[in-house]
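Here is my note on the model, point by point. Please read it with the structure open.

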Amino acid sequence: MADQLPEENPRRAFLKQSSVLAAITLTPKTVIRAAENGLDERVAEAFEKMPLNVKINGSARQLSVEPRVTLLDLLREQLHLTGTKKGCDHGQCGACTVHVNGRRVNSCLTLAVTTEGKEVTTIEGLAQGDNLHPMQEAFIEFDGFQCGYCTPGQIMSAVCCVREGHANSPDQVREYMSGNICRCGAYSNIVDAVMSAKNGGQKI
């Protein structure tokens, strides 16, 4: 028994040393990671916030935003207007379409600070109280959606399409709505909805 003790002690010592070395090896990475996170926060805080006066859905707002914040993130993250959807975040799908001074824009490509003194309308501001906008009613009537994720952007784009005079035929609607992607493929119903709303005699 006595002869075995010298063999067991080195074994235990080796295990202890291995554990200590592993801890020492891992600690710097943890520290560096924490430092990097802290640095990211300090860099973010270093961006000076700017005042922003903008009218959103008819209400004047006095906001404070970082120069790099997009209109999409301002609407969703700061103002909690989540009807405007973040799809590709690269201006390729149209899910984030809103109106700025009556013109359709991809809010993911629009810096919030560029809307100073302007009027922004989102899907939440399209209806008048409990009365849906004619385009919203048409999309419901003609089943112009399936999963519904692209629908707010489709509707906002469709309203401007009519106002711009680009809804005189189904082919024209397809062309001028081509920036709005429907992954469910409800295009024929969307076109029918736009044409119906345009020909319905109501102000769009």
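1. Along the sequence, the protein chain runs α-β-β-α-β-β-β-α-α-α-α. That is six helices and five strands. Bear in mind that this is a predicted model.

2. Next, burial and contact range. The protein chain has 204 residues, and 34% of them count as buried. Among its contacts with a separation of 6 or more, 56% join residues 24 or more positions apart.

3. Threonine 70 deserves a look. It sits in the loop between strand 2 (59-65) and helix 2 (71-78). Is threonine 70 buried or exposed? Its relative accessibility is 15%, so it counts as buried, the cut-off being under 20%.

4. Now the surroundings of threonine 70. A polar atom of the threonine 70 side chain lies 3.1 Å from the backbone nitrogen of aspartate 73. Setting aside neighbours within four places in sequence, threonine 70 is in contact with Ser107, Cys108, Thr110, Leu111 and Ala112.

5. Turn to helix 3 and helix 4. Helix 3 covers residues 134-141 and helix 4 covers residues 151-163. Their axes come within 10 Å and cross at roughly 125°. The crossing of helix 3 with helix 4 is right-handed.

6. Which residues bring helix 3 and helix 4 together? From helix 3 come Met135, Gln136 and Phe139. From helix 4 come Thr151, Gln154, Ile155, Ala158, Val159 and Val162. By class, this contact of helix 3 with helix 4 has six nonpolar and three polar residues, with no charged ones.

7. Helix 3 also meets helix 6 (residues 187-199). Here the axes come within 8 Å and cross at roughly 140°. Helix 3 and helix 6 are therefore oblique to each other, since roughly antiparallel would need an angle over 145. Their crossing is right-handed.

8. In the contact of helix 3 with helix 6, helix 3 supplies Pro134, Met135, Ala138 and Phe139. Helix 6 supplies Ile190, Ala193, Val194 and Ala197. How do these residues divide by class? Eight are nonpolar, with no polar and no charged residues.

9. A last point on helix 3. Met135 and Phe139 belong to its contact with helix 4, and Met135 and Phe139 also belong to its contact with helix 6. Please check these residues in the view.

Key
Residues numbered from 1 in each chain as written. Predicted model: local features only at pLDDT ≥ 70, side-chain atom pairs only at ≥ 80, totals over all residues. Heavy atoms only, no water. Axes fitted to C-alpha atoms, helices over the stretch in contact; angles between N-to-C directions. Helix = DSSP H or I, 4+ residues; strand = E, 2+ residues; numbered from the N terminus. Left-handed = near helix turned anticlockwise from the far one by under 90°. Contact = heavy atoms within 4.5 Å. Nonpolar A, V, L, I, M, F, W, Y, C, P; charged D, E, K, R; others polar. Buried < 20%, exposed > 50% of the residue type's maximum accessible area, 1.4 Å probe, protein only. Polar contact = N/O pair within 3.5 Å; in protein donor to acceptor, adjacent residues only side chain to side chain. Parallel < 35°, antiparallel > 145°, perpendicular 65-115°, else oblique.
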